[in-house]
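Here is a short briefing on one protein model. Look at the sequence and the fold first, then read on.

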Amino acid sequence: MSQMTAAASTKRRIAVAVSGIAALALLASPLPTAAASAATQSAPMAAKSHTAKTVTKAPSKATTKVATKATAARTQAAAAVAAADYSSIFASQQPALTNSGWATCAAAITWTVDTSGLSADEAATQIANLTWAFDQWTPASGLAFQFGGTENLAYDDAAFSLKPANGSAIQSRHIYLAFIADGDSARLGGGTVGLGSPSQVWPTSKEIITGAAVFRTDHVKQANAREDKSLYMHELGHVLGLAHASETSNIMYPVVSDHTDLGTGDVNGVRSMNKPCNQAG
Ligand SMILES: [Zn+2]
């Protein structure tokens, strides 16, 4: 009986907190993502063909054994580094919120997107690419996502916020996305082609409940499909609570390429930050 009372009072506290947006912590500094330079893109290709050539050489039996052992040790060490290569987007700016993550509820996290600046065909293509990018994170994170349609969104560059342009309330467990022109943001331009961040977090449970990401329209239009998908996966990683990684095998590496596989650090990071559903706010 006393337990039931305690549970009820906890629930009441949550309800009160939900009604006041001031109870939520806000993150106002998204992390920028740089476009891949031609040099960065061509380097892995060159390394790959070099490796292929080396393999065709037939070394002596003894050399093979030693080389294999050394290579295995190196590979293992590199894999361990990549697996631990993740951190919370809050760690440096808002340490109290470090390791905040989304709750793994059965009800999907919804997302809407403002496709202004794209033609109808381009919008359809990019919505498909975004859906694909969300789908890559689902098995890794245990989070379900659902497209909620296109929506006119107002972008505030200084606050880095996206909200419904018609004044309707910001949805909870929702991600707002927008394609914006270079000139609409002092944060974009140069090599910076995307930004992403959680927007609202419950400080006690460290549950992220809204997030936002923007993509530079001119970049998305000229990039190929793999590069666009890679950019979307990366910004969604920020929305899910991840900061930048230092290993190129992780999608959270800050230079966008045409790499579209999550790395072990990405997977371990998002898993470590996710929160159980129905935790007290
Ligand atoms: Zn980034």
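At roughly what angle do the axes of α4 and helix α7 cross? They cross at roughly 65 degrees and come within 9 Å. This model is predicted. The protein has seven helices and nine strands.

**The whole chain**

- The protein has 281 residues, and buried residues make up 36% of them.
- Take the contacts between residues at least 6 apart in sequence: 76% of these join residues at least 24 apart.

**Confidence**

- The average pLDDT of the protein is 80.
- A score of at least 70 is reached by 75% of the residues.
- Residues 1–24 have a pLDDT below 50. Beyond near neighbours in sequence, this stretch has nine contacts in the model.
- Residues 37–59 also have a pLDDT below 50. Here the model has six contacts beyond near neighbours in sequence.
- Where pLDDT is low, predicted coordinates should not be read in detail.

**Helix α4 against helix α7**

- Two packed helices are described by the angle and the distance between their axes.
- Helix α7 covers residues 264–273. Its axis crosses that of α4 at roughly 65 degrees.
- Angles from 65 to 115 degrees count as roughly perpendicular, so α4 is roughly perpendicular to α7.
- The crossing of α4 and α7 is right-handed.
- On the α4 side, the contact is made by Trp137, Ala140 and Ser141. On the α7 side, Asp266, Val267, Val270 and Arg271 take part.
- The residues of this contact of α4 with α7 divide into four nonpolar, one polar and two charged.

**Helix α4 against helix α6**

- Helix α4 spans residues 120–141, and helix α6 spans residues 225–239.
- How do the axes of α4 and α6 cross, and within what distance do they come? They cross at roughly 50 degrees and come within 9 Å.
- That angle makes α4 oblique to α6.
- α4 and α6 cross in a right-handed way.
- From α4, the contact uses Gln126, Asn129, Leu130, Trp132, Ala133, Phe134, Gln136 and Trp137. From α6, it uses Ala225, Asp228, Lys229, Tyr232, Met233 and Leu236.
- The residues of the contact of α4 with α6 divide into nine nonpolar, three polar and two charged.

- Is Leu236 buried or exposed? Leu236 is buried, because 25 other C-beta atoms lie within 10 Å, and 20 or more is the cut-off.
- Leaving out residues up to four places away in sequence, Leu236 touches Ala133, Phe134, Trp137, Gly196 and Ala213.
- Leu236 and Leu177 are 59 residues apart in sequence. Their C-alpha atoms are 9.6 Å apart in space.

**Val256, between α6 and α7**

- Val256 lies in the loop between α6 and α7.
- Val256 is buried, with 26 other C-beta atoms within 10 Å.
- Val256 and Asp228 are 28 residues apart along the chain, and their C-alpha atoms are separated by 8.8 Å.

**Val81 in helix α3**

- Val81 is in helix α3, which covers residues 61–83.
- Val81 is partly exposed, with 14 other C-beta atoms within 10 Å.
- How far apart are the C-alpha atoms of Val81 and Gly265? They are separated by 8.4 Å, although the two residues are 184 residues apart along the chain.

**Two loop residues with positive phi**

- Arg173 is not a glycine, yet it has a positive phi of about 50 degrees.
- Arg173 is in the loop between β6 (161–164) and β7 (174–180).
- Arg173 is partly exposed, with 18 other C-beta atoms within 10 Å.
- Lys206 is not a glycine either, and its phi is positive, at about 60 degrees.
- Lys206 is in the loop between β8 (192–202) and β9 (207–216).
- Lys206 is buried, because it has 20 other C-beta atoms within 10 Å and the cut-off is 20 or more.

Technical notes: Residues numbered from 1 in each chain as written. Predicted model: local features only at pLDDT ≥ 70, side-chain atom pairs only at ≥ 80, totals over all residues. Helix = DSSP H or I, 4+ residues; strand = E, 2+ residues; numbered from the N terminus. Buried ≥ 20, exposed ≤ 12 C-beta atoms within 10 Å, placed from the backbone. Contact = placed C-beta atoms within 7 Å. Axes fitted to C-alpha atoms, helices over the stretch in contact; angles between N-to-C directions. Parallel < 35°, antiparallel > 145°, perpendicular 65-115°, else oblique. Left-handed = near helix turned anticlockwise from the far one by under 90°. Nonpolar A, V, L, I, M, F, W, Y, C, P; charged D, E, K, R; others polar. pLDDT = per-residue confidence, 0-100.
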